[in-house]
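I set out below what I looked up in this structure.

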2 protein chains.
Amino acid sequence: MPLPARVRLVEVGPRDGLQNEPQPVPTAVKIELVHRLQAAGARDIEVTSFVSPHWVPQMADNAQVMAGMERPAGVRHAVLIPNLRGFERALPYRPDEVVVFGAASETFSQKNINCSVAQSIERFAPVVQAARAEGIAVRGAISCALGCPYEGAIDPAQVGEVAGRMKAIGVQHVGVADTIGVGTPRAVQRALEAALRHFDLDDVSGHFHDTYGQALANTYAALEMGIWQFDAAVAGLGGCPYAKGATGNVATEDLVYMLHGLGIDTGIDLDALVDAGLYISQCLGRPSQSRAGTAIARKRT
Amino acid sequence: MPLPARVRLVEVGPRDGLQNEPQPVPTAVKIELVHRLQAAGARDIEVTSFVSPHWVPQMADNAQVMAGMERPAGVRHAVLIPNLRGFERALPYRPDEVVVFGAASETFSQKNINCSVAQSIERFAPVVQAARAEGIAVRGAISCALGCPYEGAIDPAQVGEVAGRMKAIGVQHVGVADTIGVGTPRAVQRALEAALRHFDLDDVSGHFHDTYGQALANTYAALEMGIWQFDAAVAGLGGCPYAKGATGNVATEDLVYMLHGLGIDTGIDLDALVDAGLYISQCLGRPSQSRAGTAIARKRT
């Protein structure tokens, strides 16, 4: 099977990335990051989360970010939504897409949101209904799809189970998320296959964390299956790998470097993306977690 | 094609790794590192280099390392050799293998060793002859096989050219080395294919640097071709990625993590390997460059 000719990247740095960074980030910096990503060619950006500021203080400025950023034609802005109340708070800002979520691990679901996987997805049904009635796309994130901090390795059948439940409530696209970065290429392929039993190839994406350095190998294995949509975070945002419990997303720069090397179109200007990564790393006061970003920046000096 | 059932890893940390670290490393630390690698199950170790201490002061204690380390049965020890004089200095220590080298880039060869690629390989002919007469295996490293700091991308035909010349002088095995870490999976496959026109599948290995974060994806692509021998350096030794000009080897821990996840036997005890990586990183006074090593160590605390 030839590799896809183009890849759609969803830049999740502003949301999944910054949400997991320990220090607070000013709203103006978040907006500037979104602008720089847009200038670098990002056409899909997960901007913020409408969760309770009690649980996720880092995203308390969600409304200000949505209201303050420029929204050029052709760029889709997604927001994470935990429940109907969150959706109602997000709606005035007209996100192009909302992201709902469920874990592929029963223990994780119980420990983190105090209900079963089935219940957690059922609770999203009114959100999906409301979003689609408003003409807003709905993506489902299947977290812990490769492994769980409590259960260890996850059976692909559990991924299929969540995908099926998401399909049943009207979710249009699912992302198979290796939240703790433990997956390796063939295991990732099996998890994606499980999702593909419920969704078309065009409606399944990969979301890999680079905790164990596996994210690009996993992406390459997914590309070989025809998967052509991936999440990534500029500068590998999502926590410094030397901090306890931190598990950064795959760096968009590293992913774009590989894709361009494979002759795959991303629409991204890698040099401008590297600049965006350097900008946010400087704001966070730590080196970029992107190896390609670091190597490219070094060559300039 | 199914993936190989087992992989032979050549641990190059003590040589290619430490040679490119800026600070001097005491001989006793090098020997302790070799011992810890052996205890972790490493069965192929590139220990040192018999180059002139004028050019590579980091390897000036080559004889002391060879004489001081334990050499358990079943472990093969390799040394890098620049010329016949180097071979003669190494011979009393009976390395199991000697490594000779040539660049796939004409400009790199001219600038670094002041002769053409063809001349540089021709000069190794007496070394190969002497080694084989002593019953010592000879491996050839094809450096800059994916890219060159001067020429940029390298045509796979140039890799084939070097492989053919190495074959002609009696080299038994070639390593395709992405010295500056710029390769991506399909380009790596083309470079390996060029070497495979002159050597059997059992006589070609991959040597990838992780400068742009591509090494594991490149390894996975090589495994899909049936390549089953790879070099790697514990803790990603070979220079901190934040230092100018440094391009660390792929971390053995990251590679072993992937291979074990793929169900491929390496003979390595990953936990003991992580300990060896922590040991040398502490000696160098900087964090390990291995993501898997860092993540595994963090989970212990």
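**Conventions.** I note that this is a predicted model, in which local features need pLDDT of at least 70 and side-chain atom pairs count only at pLDDT 80 or more, while totals for chains, interfaces and linings use all residues. Residues are numbered from 1 along each chain as its sequence is written, chains are lettered from A and ligands numbered from 1 in the order in which they are written, and side-chain values use heavy atoms, with hydrogens and water left out.

**Interface.** I looked up the contacts (heavy atoms within 4.5 Å) and found 39 residues of chain B touching 39 residues of chain A. The two chains bury about 3,500 Å² between them, 51% of it on carbon and sulfur atoms; buried area is the accessible area (1.4 Å probe) that two parts lose on being put together, summed over both. In chain B, B:Tyr212, B:Arg291 and B:Arg298 lose the most area to chain A, together 24% of what that side buries.

I then counted four salt bridges between chain B and chain A, a salt bridge being a side-chain nitrogen of Lys or Arg within 4 Å of a carboxyl oxygen of Asp or Glu. B:Arg291 and A:Asp210 form a salt bridge through their side chains, at 3.7 Å from N to O. On the chain B side, α9 (185-196), α10 (215-223), α11 (252-261) and α13 (291-300) each supply at least two of the residues that touch chain A. Helices (H or I, at least four residues) and strands (E, at least two) are DSSP runs, numbered from the N terminus. The most comes from α13(B), with seven residues.

**Helix α12 of chain B.** I read residues 270-284 as a helix of 15 residues. Its buried residues include B:Leu273, B:Tyr279 and B:Leu284; buried means under 20% relative accessible area, exposed over 50%, and partly exposed in between (1.4 Å probe, protein chains only). Among the elements that cover the buried residues are α1 (13-19) and α2 (27-39) of chain B. Just after the helix, B:Gly285 takes a positive phi of about 70 degrees.

I found A:Ser205 in strand β9 (residues 204-208). A:Ser205 counts as buried because its relative accessibility is 3%. Beyond its neighbours within four places in sequence, A:Ser205 is in contact with residues including A:His173, A:Leu192 and A:Ile227. A:Ile227 is in the loop between α10 (215-223) and β10 (229-232) of chain A, and is buried at a relative accessible area of 0%. The C-alpha atoms of A:Ile227 and A:Gly206 are separated by 7.7 Å, although the two are 21 residues apart along the chain.

**Salt bridges within the chains.** By the same rule I count 36 salt bridges over all chains. A:Glu97 and A:Arg139 pair at 3.0 Å, N to O; A:Glu97 is in strand β4 (residues 97-103) and A:Arg139 in strand β5 (residues 137-143) of chain A, 42 residues apart. A:Glu97 is buried at 6% relative accessibility, and A:Arg139 is buried at 3%. Both belong to a network of salt bridges that also includes A:Arg8, A:Asp44 and A:Asp231.

B:Glu134 is partly exposed at 35% relative accessibility, and B:Arg94 is partly exposed at 39%.

Technical notes:
Expected span 1.5 Å × (residues − 1).
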